[in-house]
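The sequence and the model come first.

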Amino acid sequence: MGFWLELAATGLITGGIYALVAMGLNLQYGLMRIMNISHGEFLMLGAYLTWLAHTVFDINPVAFLPVVAIVLFFGGLAVYRLCFRRIARTSPSVDVIEARSLLVGFGLMYLVQNAALLAWGADMRGYSYLADAVEIGGARFAANRLLAFGFAIAASLALLALLRWTIFGKAVRAMMQSPTGAQLVGIDTAVLHPVVFGAGLALAGMAGGLLSMVYEITPSMGEPYTVTALIVITLGGLGSAAGCLAGGLLLGLVEAFGMHFTNPSLKTLLSYGVFIGVLLARPKGLFAR
Amino acid sequence: MPEMLLRARGVYVRFGGLVAVDRVDLEVRAGELVGVIGPNGAGKTTFFHTLSGVLAPTAGQLIVGGEDLTGHAAHEFANHGVARTFQTPRVFRDMSAEDNVRFGLEFAGRRRKHARDAFDNPAAILDLLGLGDVAAIPAGGLTPAKQRLLEIGMALGARPRVLLLDEVAAGLTHAEVDATAQLIRRVRDEAGLAVIWIEHAVRVLMNYVERVAVLHQGAKIADGDPRKVARDPAVVEAYLGEEGGGERKAA
Amino acid sequence: MHWNTGIKVIAAALCAALLAPAFAQDAPVRIGYAIARTGPWAVGAQMTQEPNYIMWADQLNATGGLSVKGKKRKIELVGFDDRSDAETVVRTYEKLMTSDKVDLILPPWSTGATFAMMPLAQKHGYPLLAPTATGRKLLGMKNPYFFSLLQQPDRMMDALAEFLKARSVSTAAMIYVDDLFGLEQSAALVVSFKEKGIKIVESKSYPLGIKDLRPVLTDIKAKNPDAFIALSYPPDTFLVTAQAREIAFNPKAFYVAVGAAFPIYRDKMGPTIEGVMGLGTWNPKTSAATKAYFDAHVAKHKKEPDRWASAHAWAGLEIMQQAVEKVGLDRKALRDYIAGNEFTTIIGKIRFKNGENISTPGVVSQWQGREFEVVWPPDRATSSALHPKPNWK
Amino acid sequence: MTANLRYTITAVLAAGVALAFMPWLLSDFLLSLALSCLMYVALASSWSMFSGATNYLSLATSAFFGIGAYVTAWGLETLPYALAVPLGGVIAGAFAALVGAAVLHLRGAYFAVLTFGLGELVRHSITYFEKTYARTVGRVLSDPPEAVTVYLTVLLITVATVATCAAVRASRFGLALAGVGADEERAQTLGVNTRRVKIAGFALSAFFAGALGAAMAVRWTYIEPMSVFNPFIGFQTVLIAMIGGAQTLLGPVVSAVVFSLFSELLRLQFPYAYLMLLGLLLIVLVLYLPGGIGSLFRGRWARA
């Protein structure tokens, strides 16, 4: 593989990880306007569950992913039932839903992060899984990163297909465009909302499970991931599954090439620069029509 | 001849491939009460948006009181004496009715003070509109009909020289429309305003305005005395195209 | 066990229990601190610092307490969470020093937090033996109550340069993190390497919280240096290791800074880190004392201490203990005693000069098997160095 | 000046005078607790002044705070403290005006995320600048002022902030801000230059946050981007203001005091689980008292 191709691949893989981190929040915010600032915390939960399963019960982390998804999905239903349902019902406008869900998200963040802290301590945790490199066209890539990347692509495509071609997807899109209109045509938002919220958490949890193979984990690891997710979904346009993937990949590419051509110290400046630039020039996201 | 207050020249608005307003000219002088009518989708509201600066036209010119304001922000139009109402009332819901009226007085209306201005304070305006007794109530708590009246009050608070009324009669009973029209005439006379009044229902307007312009598919197809305009074949055709027209609807 | 002995033992225990309060008529020695239990600092604070405080107090209390001029008094720890926030650090030490009026204080975690509360230590006269604050800037404050236990950057980098020189390394590439730690270490490294004639072929810095360093490593690999040095923090230490392995960048010497000494580094990375060097100071093999410390720590907290600053934290407690035994709780006298004497600790003899620990030499450690062996300087080495580094497994 | 406003401002000033005696009445710890209450009173009030009125949810508070802190870090060698503090405010305000001109056309979540991104951008810019040109990250303040001086300065800023809030609410400017919050386009058609009003409001709010940052920076001896651009300062501010009721005057004030004292009490009494308790409390409060603490106070104070 040529040098440039390898650099691009590096950027794309990291970008895929960014997209992976953002998918759950994208679903929740884009479709329901729930600004779930505790997104990273649920990702952390997924990571800890996977770590626990692997190190204590010796379960294959990849095989455990569906379990993480199910646990977090039902966790999401419960969280929705306990917190967000009331907000959705009592708020006079979408803006208010957004603001209140932000506050509740903060509360959840404190709650989940510190519950994890009490349960597992502040120590850094981690394990080695699929850390060996795979050779592709002469370049070597860590298998766990490739796996995360592949999962991001597959999940994005699946989500895209789901939203585009299924009844469920039509309902979700209708709900997105007009919540009251959706209700008028018989779409039951009382069912759809919790399901979408739970699906968002399930995605966050699976992302956490995959990331626990790549990076080490701590109870306070969530916040930076929430920030990354926010950047990616605003780059891609809120609620768009394709935009989310493209936004993540773009960010990864910008960083990889930026790091090569300039100083890696400029990396964060660069990504925030791109983010702010895009937001100013195309506030609905890069791929909005 | 009275002063020329508002002049729209070749106003043209395009959204993507759709031409919403097609080279419309309109002139209004002090003391005039002009109606603008047209079937659904004729571009009336879009045209109004350009007159009040809410929307900048793709092409054309807008001259307010002799000054070219094309491309300027809406507050410039307001400061030059153009005040408007919105079709669905956009009152400040959390503010009291009085504060809603005071709002215009504090901003657009602040710098103007013409001799015949009878509406110096919010209380006077509210009284005129028959809203004196709800002055302290948050506007969001008023009935839709009262919110419509308050819309006029807000515009009057801005001490306008040109008053743009967007379907203020919609949804009112015949008696209420009559009262509103009397009110508008009175305001026009007392303050020497130019009034442009858009209405979908033709019959309503014809009885009260001295001049009427007709928009059809974005273009102006007639402009003149209401009785003559009503007999204009092009106008009849335009309204007939709309399943028997607005005449029957208005009745 | 004979009946009689049994009864005697029980009786003795009962007596001790009943009489204990009578003997311990002295109020406990109250020792206060603020430390991160929540937030981003908690990882380091709970690895290196607070477990040592708790273990120290428990150990001493089990033997009757802290000896104050020969008289044993129980220790009461008054510890609060600082939420990883500088303002909370300051506020908590103000509370400890002025409202609670504790007898002694223990330091918070990190350079930033230490900076923030240092003036209070001076104002209220509390000796401060800091194990996780590093940098010449701290010493530049010339705070008479401040004592820094860690080896300063120049010492660590000199040791690394000497080690590499002894193995005829002639070229090196380095990356460093953009903060006080990275800047001071890298500045020291440049000086040391120049002295020893090691050419730095590439030097790049990177911001905290980076998630991908592969492009930088690829560039460095192309330059083929003998040694690679990352003056890194825990997340990036792991990242650099994983990504160097990923692209099969395997220089003769591979050095990572903070985090290399953490047991989790070994557990997360697995056997692949054989031969990786890093910032460390000790291990259980260093001496009988370190072995005892290590075993006690594992028994108490069910986790291993890190092989770098944990021992400094413990050494700080030992120094405090020895000084209190000698001069009691008069804090001015304590300060003078600490400043003017030499102490025996698990990391060897320690003497301070202008607040700096001038006794502990710079150390280079290397992962061999499951232990972070000290490989330099020779008189501290617990194993001989693997050089060149074996291939990544 | 209306009678109502005069009453409010008199009350604020009286409270300020009363609080000015605290350094001689309270222990150092209680004083520093009072200091942190005051800091959040000022931050939450200044945030509400703009964001509460206009519904533009800004997460840039920590950026303004950090800019102020850095003005002190850079300037205290040559400037007296009394000058560094207002200068910190002015520079933060100028920055807000500049940025506001570029971003204040965005609303809702976009504005929130963008202002957050801006804070991060400033933080990383300063880190990069310091590293590249000063070869250091982090500055040491060698000769910080006394705790009493810091307290009185922060008190002064807080009193000024709350009084300004009250005055703004009663003024044309405040009416314009409220108009922007209620219906921006409608306000424009009534003659409000919304762009100018938003920029001015954003800058004014940033001024107080910046001055606070400049005043508080000396508490920590050592200033580094990580600690002074701590995004949690910004989050906490939004939280306090919204819990208090950002549309009211008294809400954020009460909320800041309650929140600061309460979280301190929890921290000291329940050293391990307190943040969980805090989180739980926050959720319950949002769900069952959505109008904020301010909604409990009706009448003169709340609407003043």
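In this predicted model, 16 residues of chain D are in contact (heavy atoms within 4.5 Å) with 24 residues of chain B. The area buried between chain D and chain B, meaning the accessible area (1.4 Å probe) that the two lose on being put together, summed over both, is about 1,900 Å². Carbon and sulfur atoms give 64% of that area. On the side of chain D, Arg172(D), Arg186(D) and Leu190(D) lose the most area to chain B, together 38% of what that side buries.

The model is predicted, and local features need pLDDT of at least 70, side-chain atom pairs count only at pLDDT 80 or more, and totals for chains, interfaces and linings use all residues. Residues are numbered from 1 along each chain as written, chains are lettered from A and ligands numbered from 1 in written order, and side-chain values use heavy atoms, without hydrogens and water.

Four salt bridges (a side-chain nitrogen of Lys or Arg within 4 Å of a carboxyl oxygen of Asp or Glu) are counted between chain D and chain B. Over all chains the structure holds 53. The table lists some salt bridges of the model.

| Pair | N to O distance |
|---|---|
| Arg90(B) and Asp183(D) | 2.8 Å |
| Glu32(B) and Arg211(B) | 2.7 Å |
| Arg219(D) and Glu94(C) | 3.4 Å |

In chain C, a network of salt bridges links Arg266(C), Asp267(C), Glu304(C), Arg307(C), Arg370(C) and Glu371(C).
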